[in-house]
Amino acid sequence: MHALKSLTRYLSCTLLCVVASIFSASAQAQALPPPVLMALNRAQVPTDAIALLVQEVGGRTAPRLSHRADQPMNPASVMKLVTTTAALDLLGSAYTWRTSVWIDGPVVNGVLQGNVIIQGQGDPKLVLEKLWLLLRRLQGLGIHTIAGNILLDNRAFEVPTTDAADFDGEPLRPYNTAPDALLVNFKSVVMTFAPDPLANIARVQFDPPLWGVQLQTSVPLSPVKSGGNGSCGNYRAGLKADFSTPLSIRFNGSYAASCGEKVWPIAYADPASYNARALEGLWRSMGGQLTGTVHAGTAPQGPATFEFNSPTLAEVIRDINKFSNNVMAQQVFLTLGLPAPATPATAREAVRQWWQRRISATDVPTIDNGSGLSRQNRISAQQLGQLLQMAYTSPNMPELMSSLPLVGVDGTLKRSLASSASAHLKTGSLREVTALAGYVHATNGKRYVLVAIVNHPNAAAVRPALDALIDWAVMDNQPPRSYPTDLKQ
């Protein structure tokens, strides 16, 4: 009898624990705004795979919404908020990067009797147009032939050699380009296809023209099928491009005239040789001559012949945050690790120390490369909330906020279906990761910090839930909408 009573008490306790657990989970799920919960159910994402925080700016009141906010999660590109906020704080919004150029010999009858030395200091936006101006400046000094070499000094950054395919098996995606103190045009080739129906070809332009690489300058137009609608379709697949050999870019397919003009950027297959090929190819395309070669070298100690400055940091972070540019984010991140040579380790240490001074001495996120293109990053919604609260009181707040995509208007949120454009939010997306973080301007005049992170195999399907969250945050103190009451848990 005693054993039976003990068993009865054990089963009763167990049942109560189970019921309490179910009730707690249900209450936690019900605490989410109904439209958010409904959209999560449709996406088949459980509430224990998300972290949410909505809190009024100033942090003096309890959060409107806090769900698993202290759980470290992978934030994908939302991690760029840490990099860009730290950079604004440590470097200042007017910070610029210098690219210095020396000529080490006399110019006689248009011939430089010596070398040209170019030293990079991490400019995140040394794009083709800027490179053309740099070479044009050389010609303005009377140089049309370089009798020596062009030497490239990129020692300001010391970055471990990696395989561009390591992260996601997509080595030709420009976002997988590795950082470089002399980052020329993101080490990418931009191919422009323009149909010429009279010649029955599409002409192909390559920018920059890579020296020593065979570039196919035309491709046949696709035949128009009888009864076809002439739609463009997947023109990239139709070209049957062959990028397997760095010394040639070939197309084994055709191009549909109905596609009109298209632009296709790719990362060059041999990034180590890209700078040399791009510089020599562009120099020669401008009519310049080169007797020697383009290769690595060391810049002199004295003053440069001339310098080119990058856009300001405030301008650069707009590209980083609005369009989630990974390589530019890594350039900024490594800059925080200067003086040279800057390494990922010195950059991480600089950000760690900054976080401890400005946000929390003990609660520090795990940061990998500063761009979010990583599986090692970990940060909680609460930590991101603290970052955004601190940034809002900073003198650099206008620069940071204006760098964030505006919902339904521009950047990575241009196609958002949230009903209001009253939010500036950084997005993040990786396989099994979707995230948002930034500021929401409510209809009652209040401003909120909003953070949402989803780590789940169905993360890509939660965009409607995040749009619903934005709408809910914006419509603070408004009459409640009518939502279905039969929400599944």
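1. Confidence. The protein chain of this predicted model has an average pLDDT of 90, and 90% of its residues score at least 70; pLDDT is the predictor's confidence in each residue, on a scale from 0 to 100. A contact here means heavy atoms within 4.5 Å.

2. Basis of the values. Residues are numbered from 1 along each chain as its sequence is written, and side-chain values use heavy atoms, with hydrogens and water left out. Because the model is predicted, local features need pLDDT of at least 70 and side-chain atom pairs count only at pLDDT 80 or more, while totals for chains, interfaces and linings use all residues.

3. Overall organisation. Twelve helices and 21 strands make up the secondary structure of the protein chain; both are DSSP runs numbered from the N terminus, helices being H or I with at least four residues and strands E with at least two. Among contacts in the protein chain with a separation of 6 or more, 70% join residues 24 or more positions apart.

4. Burial and surface. The protein chain has 489 residues, of which 48% count as buried. Buried means under 20% relative accessible area, exposed over 50%, and partly exposed in between, with a 1.4 Å probe and protein chains only.

5. Disulfide. The count comes to one disulfide, defined as a pair of cysteine sulfur atoms within 2.5 Å. Cys232 and Cys259 form this link, with their sulfur atoms 1.9 Å apart; the link is right-handed, with 95° about the S-S bond. Cys232 lies in the loop between strand E12 (218-220) and helix H5 (235-239), and Cys259 in the loop between strand E14 (248-251) and strand E15 (262-267), so the pair ties together parts that are 27 residues apart in sequence. Cys232 is partly exposed at 25% relative accessibility, whereas Cys259 is buried at 8%.

6. Aromatic pairs. The structure contains eleven aromatic pairs. Rings of Phe, Tyr and Trp (its six-membered ring) pair if their centres lie within 6.5 Å; planes under 30 degrees apart count as stacked, over 60 as edge-to-face and the rest as tilted. One of the pairs, Phe243 and Trp264, is edge-to-face, at 5.6 Å centre to centre and 80° between the planes. Phe243 lies in the loop between strand E13 (241-242) and E14, and Trp264 in strand E15, so this pair ties together parts 21 residues apart in sequence. Phe243 is buried at 12% relative accessible area, and Trp264 is buried at 10%.

7. Tyr392 and Tyr439 form a tilted pair, 5.5 Å centre to centre with 50° between the planes. Tyr392 belongs to helix H10 (residues 381-392) and Tyr439 to strand E20 (residues 433-441), so the pair ties together parts that are 47 residues apart in sequence. Both tyrosines, Tyr392 and Tyr439, are buried. Phe243 and Trp264 also belong to one aromatic cluster with Phe193, Tyr235, Phe251 and Tyr255.

8. Charges over rings. Arg64 lies over the face of Tyr448, at 4.8 Å from the ring centre, and Arg284 over the face of Trp211, at 4.5 Å. The criterion is NZ of Lys or CZ of Arg within 6 Å of the ring centre and within 35 degrees of the ring normal.
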